[in-house]
Amino acid sequence: MSQSTAASSTEAATTDAEESIPETSAADETQADIDSTDLLTLDAPKHLQISGEVQLFERIFSAAGTVTDKTRLGIAESGIAIRAADQQGHAMVDLRVSGSSFSTFDAGTGTLGVDVGRVRDALSIGDAGDLAQFALDAANSTLEVDIEGITRTIELDPVESLRYPVEMPDIDIPATVHLSPDDISLGLDAADMLDDRFDLSVDPESGEMQFAADGDTDSMTYRREDTDLIAFEPADVEVKLDSSLVKSANAGLPDGTNRVLRIGNEVPLVLKSEFPDADGAMQFVIAPKLPN
């Protein structure tokens, strides 16, 4: 699959011939009404004053940190957006959160270059329900994070130094499966015990989805019939995936939320969930692996 020319130097195929994810668009079917097509390519906003619970910010930056150390954070009057991929171009996160999800939201439109780890460090001093306040010092290009009277000043990265946001072409992903977080975690853990890759398939005739993996001598299949699933739109599809990438993406989604998997034949897997207690959505897009 093709990559953007701006990111081609970091999205070459790996030695095991894993395909890179396509360029991505903002999360489909999201509740947050933000047009991020150009939002992630603008200059920094002139002002920003946002506050909300620590756990809301932690969910946002935890998802981004699954694939990247630094990200472009798009700010609009209606909310925020992040689109970022890992260095190899094998996994991408795409999220939006409406401004109405925050306790206060007063911001201009623009893009910030943010060090994800530093923001998460600042958030780590607070409890989940504590109020975190984010303020932009545009003159000094810094972001201030205040929790319980403790203020962390974080230097922002030049937006142009960060990878250009990738976009996803329209591809055919015919099968959709809704399942519980426990179900997907069990299937991924069982597959990962045998190999670093597994097959994810849907069989419309038997009405089930399967996680399957082969070790040196053993094999594993984890089946979930349509009656075990929350919702099921079957199609005859199968894709081989990297266990660690899918496990990381699953861990990057909010705890306790149902997972939605969109599965096609040897095309990227889309794994997404809702944002708890917020008007927003996030998804991960994970490249398929070629057979050995």
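The legends below describe close-up views of one predicted model.

Residues are numbered from 1 along each chain as its sequence is written, and side-chain values use heavy atoms, with hydrogens and water left out. Because the model is predicted, local features need pLDDT of at least 70 and side-chain atom pairs count only at pLDDT 80 or more, whereas totals for chains, interfaces and linings use all residues.

**View 1. The protein chain as a whole.** The secondary structure comes to 4 helices and 18 strands, where helices (H or I, at least four residues) and strands (E, at least two) are DSSP runs numbered from the N terminus. Of the 292 residues in the protein chain, 54% are buried, a term for under 20% relative accessible area, with exposed meaning over 50% and partly exposed in between (1.4 Å probe, protein chains only). Among contacts (heavy atoms within 4.5 Å) between residues at least 6 apart in sequence, 70% join residues at least 24 apart.

**View 2. The nonpolar cores and Phe61.** A nonpolar core is a set of buried Ala, Val, Leu, Ile, Met, Phe, Trp, Tyr and Cys residues joined through side-chain atoms within 4.5 Å. The largest has 68 residues, and those with the most contacts inside it are Ile60, Phe61, Phe134, Leu200 and Ile263. Helix α1 (residues 54–65) supplies the largest share of this core, 7 residues. Once neighbours within four places in sequence are left aside, Phe61 is in contact with Leu73, Val114, Val116, Val119, Arg120, Leu123 and Phe134. A second, separate core of 7 residues includes Ala85, Met92, Val166 and Ile173.

**View 3. The packing of α3 and α4.** Helix α3 (residues 181–192) packs with helix α4 (residues 243–252) at an angle of about 155°, their axes being 10 Å apart; axes are lines fitted to C-alpha atoms, for helices over the stretch in contact, and angles run from 0 to 180 degrees between N-to-C directions. The two helices are therefore roughly antiparallel, the term for angles over 145 degrees. On the α3 side the contact is made by Ile184, Ser185, Leu188, Asp189 and Asp192, and on the α4 side by Ser243, Val246, Lys247 and Asn250.

**View 4. Asn250 in helix α4.** Asn250 has its place in helix α4 and, at 7% relative accessibility, counts as buried. Not counting residues up to four places away in sequence, Asn250 touches Ile184, Ser185, Leu188, Arg259 and Leu271.

View 5. Asp255 lies in the loop between α4 and β16 (259–263), where its 69% relative accessibility makes it count as exposed. The C-alpha atoms of Asp255 and Pro181 are separated by 7.7 Å, although these residues are 74 residues apart along the chain.

Definitions and conventions:
Parallel < 35°, antiparallel > 145°, perpendicular 65-115°, else oblique.
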